[in-house]
Amino acid sequence: MACKRGCSDSQTKWVLFSSFSVALVFTIGIVLSFTLQKSTQPGCEPDSACRPDADMLDYLLSQGWISHRDGLMVTWYHAANSQAAMKAALSSDVMVLEADVTVEGLNTANETGVPIMAHPPDIYSNNTLQQWLETVLASSQKGIKLDFKSIKALGPSLDLLRQFTENGRVRRPVWINADILRGPNMPISIEVNSTRFLALVQEKYPEATLSPGWTTLYVPLTSNRTYTCAMVEEMQALVGALPQRVTFPVRAIMVRAAWPHFSWLLGQSERYSLTLWQAASDPLSVEDLLYIRDNSATHQIYYDLFEPILSQFKQLAGNATRKQIYYTGGSLIPLLQPPKGDGLGVEWLVPGIQGNGRTATVTLPDREGMILLNTGLQEPAAGDPVPIVHFPGGPALTLESCLLQLATRPGRWGIHLHIAEPTALRPSLAMLAHLSTLGHLPRPVWVGATLSHGSFAVPGHVAGSEFLAAVAEVFPHVTVAPGWPEDVLGSGYREQLLTDMLELCQGLWQPVSFQLQARPLGHSMAGAVTRLLAASPRATVTVEHNPAEGNYAAGRAGLLAARAVDRTRVYYRLPQDFREDLMADIGRN
């Protein structure tokens, strides 16, 4: 009996132990399975790039699908909606899936509220959004772009994305697209409600990259308008304060004509990009695409275009020897300065002149940079006054002749036109406008002057209000470069001097580069450069120091103070030896 009890107890313990071991192994297996599934779905490293709020280029770079951050390298699959289209997209080598979401039976008696994959006018599909996400997330690592034509589909779709994300399955960027503003040539209002769209994304799925666009209409062989300043500013007012990345879908055929507005928009935030799209019937030109490419950083523009123009564009874009055309009102990035590059790398070049009269030629150092032209006005015996360029130690040359000679100069350079005589302002701007219209000004252009205004009102200088009015009326496509008279800088850049200049320039849509003198800047209130840069996301500062103001040591404090604030948005107008001294100072520190 005792033996039976002992054997029974042993058997019971063995059964219990075996059951516990099996349960433990099973539990470990489940944990390992979940861990492996989570780490291999979608198999993405590092974690910062494998999130729904990640930058698309960073994500694709982490996958090894692109070699560098260039939107032209990204490939797209359109309307991956039905089961068949989805499977074809998944088996292809495209990087990003674009699909359309609506509600089953939209606006009929059969409306269910279930998000399905279909493009209007279709309101039924063999693929729900839930099925689509299950399949795409389980079988691919492709990026996701969901396009909403109806606000009814957005809320439940974001709820589904939230569920998949909280389960650890959305480890890739997600773009949420809708046309939320009425755009060019649209006779009726069919856009998605902007307030509800943005509010729903903030409430339910703020991880997404926003893709808010404009409704558009383009009819070939007719008079078509493009995006206006008001349209672009309205969009910025809607999304400017939001935390998400934003890519604005824009109709490619309309972008070049509206480039001043989109150049301004891209300059408002590093979170912004454009996605150029093309309708099948749009007669898009490669030249327009190259212009956009030349005037933006490679990571700022995605190209969702049809063949054969996409391949033609890629081939020419990769040709390093082709002639590039730059927007006169554009940034020095990427022409003279790489994105987030050091402003000290941009040099200011002072030209010389050889010969006299009609045979006079402009000479320049064998370097690239901004070419400084000091302009005045020549009063001929008969006819209109002529803007001229003053050269150190040489005769003057007409501004027209000078710019036409520079137009043939190869390499990377821009123009900094300094209005040395107030009467030369409007004639000089008129000449810029004329040459630009003829295609002879394919470079960034700065127009600057020493201004007289408010607390820095000094006779003999250009009135601040007249300077800005002339730019706006005659040739607005420039960077504005205003400076203060030396007469008022004895105590440095005092608070009232900064306040009056900022108030004068408030509301400008052009880029502004405030011109500062290094010596008085070294005696100025702390925070002067910071305050000027805060005026606008596109504002920069240019610090000048020349031998007339003393040796390098006389301006050293101001130069180093400006550099301590920002390296990308501070430029330096210095003679070569002062530049070398500054670089040596920086190297020691």
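The model is predicted; local features need pLDDT of at least 70 and side-chain atom pairs pLDDT 80 or more, whereas totals for chains, interfaces and linings use all residues. Residues are numbered from 1 along each chain as its sequence is written, and side-chain values use heavy atoms, with hydrogens and water left out.

**Aromatic pairs**

Begin with the rings. The whole structure holds 16 aromatic pairs, a pair being two rings of Phe, Tyr or Trp (its six-membered ring) with centres within 6.5 Å; planes under 30 degrees apart are stacked, over 60 edge-to-face and the rest tilted. Select Trp175 and Tyr302, an edge-to-face pair at 5.1 Å centre to centre with 80° between the planes. Trp175 belongs to strand β5 (residues 174-182) and Tyr302 to strand β9 (residues 301-304), so this pair ties together parts 127 residues apart in sequence. Helices (H or I, at least four residues) and strands (E, at least two) are DSSP runs numbered from the N terminus. Trp175 is buried at 2% relative accessibility, and Tyr302 is buried at 2%; buried means under 20% relative accessible area, exposed over 50% and partly exposed in between (1.4 Å probe, protein chains only).

Next select Tyr303 and Phe313, whose ring centres lie 5.0 Å apart with planes at 55°, so the pair is tilted. Tyr303 is in strand β9 and Phe313 in helix α10 (residues 309-317), so the pair links parts ten residues apart in sequence. Phe313 is buried, with a relative accessible area of 0%.

Then display Trp214, Tyr227, Phe248, Phe262 and Tyr272, which form one aromatic cluster.

**The second largest pocket**

Centre the view on Glu98, His119, Asp147, Lys149 and Trp277, which lie nearest the centre of the second largest pocket among its 26 lining residues. A pocket is defined on a 1 Å grid over the protein atoms alone, as an open set of points with protein on both sides within 12 Å along at least five of seven lines; lining residues have an atom within 4 Å of a point, and a cavity is a set where a 1.4 Å probe fits but cannot get out. The space in this pocket is about 610 Å³. Strands β2 (96-103), β4 (143-148), β5, β6 (209-215), β7 (246-251) and β8 (272-277) each supply at least two lining residues.

Move to Met431 in helix α12 (residues 425-437). Met431 is buried at a relative accessible area of 15%. Beyond residues up to four places away in sequence, Met431 touches Pro387, Leu399 and Glu400, contact meaning heavy atoms within 4.5 Å. The C-alpha atoms of Met431 and Glu400 are 6.8 Å apart, although 31 residues separate the two along the chain.

Now select helix α14 (residues 495-505), in which eight of eleven residues are buried. Among them are Leu497, Leu498, Thr499 and Asp500. Their cover includes β17 (445-452), α13 (464-474), β19 (479-483), β20 (513-517) and α16 (528-533). Just after α14, Gly507 has a positive phi of about 85°.

**The largest cavity**

Finish with Cys229, Glu233, Pro260, His261, Trp264 and Trp509, which line the largest cavity. This cavity holds about 50 Å³ of space. Helices α7 (229-239) and α8 (259-266) each supply at least two lining residues, and α8 gives the most, with three.

Key. Points joined across faces, edges and corners; volume = space filled by probe spheres on them.
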